[in-house]
Amino acid sequence: APPPDLVLMLTVDADTALARRKNRAKAPELYDRHEFQQRVAEAYGRASRYRPADPVVSIDGTASVDAVEEACRAAVYELLKPCVPPPVVPPPVGGP
């Protein structure tokens, strides 16, 4: 498979994830066990060792929704910046 252009990794520690799962209005699922979630978080923390060339941007998933969205947008913008042409500045009205 071709390498990704960008990987956004939203990081949330297992305790914060547990608190969030407790606040949702649905029955616990098989993968909601705290010990399992801790192992998943640890595995994702090691993921960059296995694919060090992948462009991974780690984003604090414990931040507010607005802050997480802004961080994601900023990472994507940085990726796209070389592809976006600079703005065209019109000459001043009345000429030189």
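P4 is placed in the segment before β1, in a model that is predicted rather than experimental, where local features need pLDDT of at least 70, side-chain atom pairs count only at pLDDT 80 or more, and totals for chains, interfaces and linings use all residues. Residues are numbered from 1 along each chain as its sequence is written, and side-chain values use heavy atoms, with hydrogens and water left out. Helices (H or I, at least four residues) and strands (E, at least two) are DSSP runs, numbered from the N terminus. P4 has a relative accessibility of 29% and therefore counts as partly exposed; buried denotes under 20% relative accessible area, exposed over 50%, and partly exposed the range in between (1.4 Å probe, protein chains only).

With a relative accessible area of 62%, D5 is exposed. D5 and V56 are 51 residues apart in sequence, and their C-alpha atoms are 9.2 Å apart in space.

The C-alpha atoms of V76 and L6 are separated by 7.7 Å, while the two residues are 70 residues apart along the chain. V76 is partly exposed, its relative accessible area being 33%.

V76 also belongs to a nonpolar surface patch, formed together with L8, L10, L79, L80 and V84, that has about 450 Å² of accessible area in total. Patches are made of residues with over 30% relative accessible area and no salt bridge, like charges being joined within 9 Å and nonpolar side chains (Val, Leu, Ile, Met, Phe, Trp, Tyr) within 5 Å. Accessible areas come from the Shrake-Rupley method with a 1.4 Å probe, and for residues only the protein chains shown count as cover. The largest share of the patch, three residues, is supplied by α3. The elements giving two or more residues to the patch are β1 (7-11) and α3 (65-80). L79, which lies in helix α3, is partly exposed at a relative accessible area of 34%.

Three salt bridges were counted, a salt bridge being a side-chain nitrogen of Lys or Arg within 4 Å of a carboxyl oxygen of Asp or Glu. One of them joins the side chains of R51 and D54, with an N to O distance of 2.8 Å. R51 is partly exposed, with a relative accessible area of 44%, whereas D54 counts as buried at 16% relative accessibility.

Another salt bridge links R73 with E69, the closest N and O atoms being 2.9 Å apart. Because R73 and E69 are four residues apart in helix α3, they are separated by about one helical turn. R73 is exposed, with a relative accessible area of 53%, and E69 is partly exposed at 36% relative accessibility. In the salt bridge between E78 and K81, the closest N and O atoms are 3.1 Å apart. E78 has a relative accessible area of 46% and is partly exposed; K81, with a value of 38%, is also partly exposed.

Helix packing was examined for α1 and α2. Helix α1 (residues 14-23) and helix α2 (residues 34-50) pack at an angle of about 135°, with their axes 9 Å apart. Axes are lines fitted to C-alpha atoms, for helices over the stretch in contact, and angles run from 0 to 180 degrees between N-to-C directions. The two helices α1 and α2 are therefore oblique to each other, given that angles under 35 degrees count as roughly parallel, over 145 as roughly antiparallel, 65 to 115 as roughly perpendicular and the rest as oblique. The crossing of α1 and α2 is right-handed; a crossing is right-handed if the near helix is turned clockwise from the far one by less than a right angle, and left-handed if anticlockwise.

G45 is a residue of helix α2. With a relative accessible area of 56%, G45 is exposed. G45 and K22 are 23 residues apart in sequence and 23 Å apart in space, C-alpha to C-alpha.
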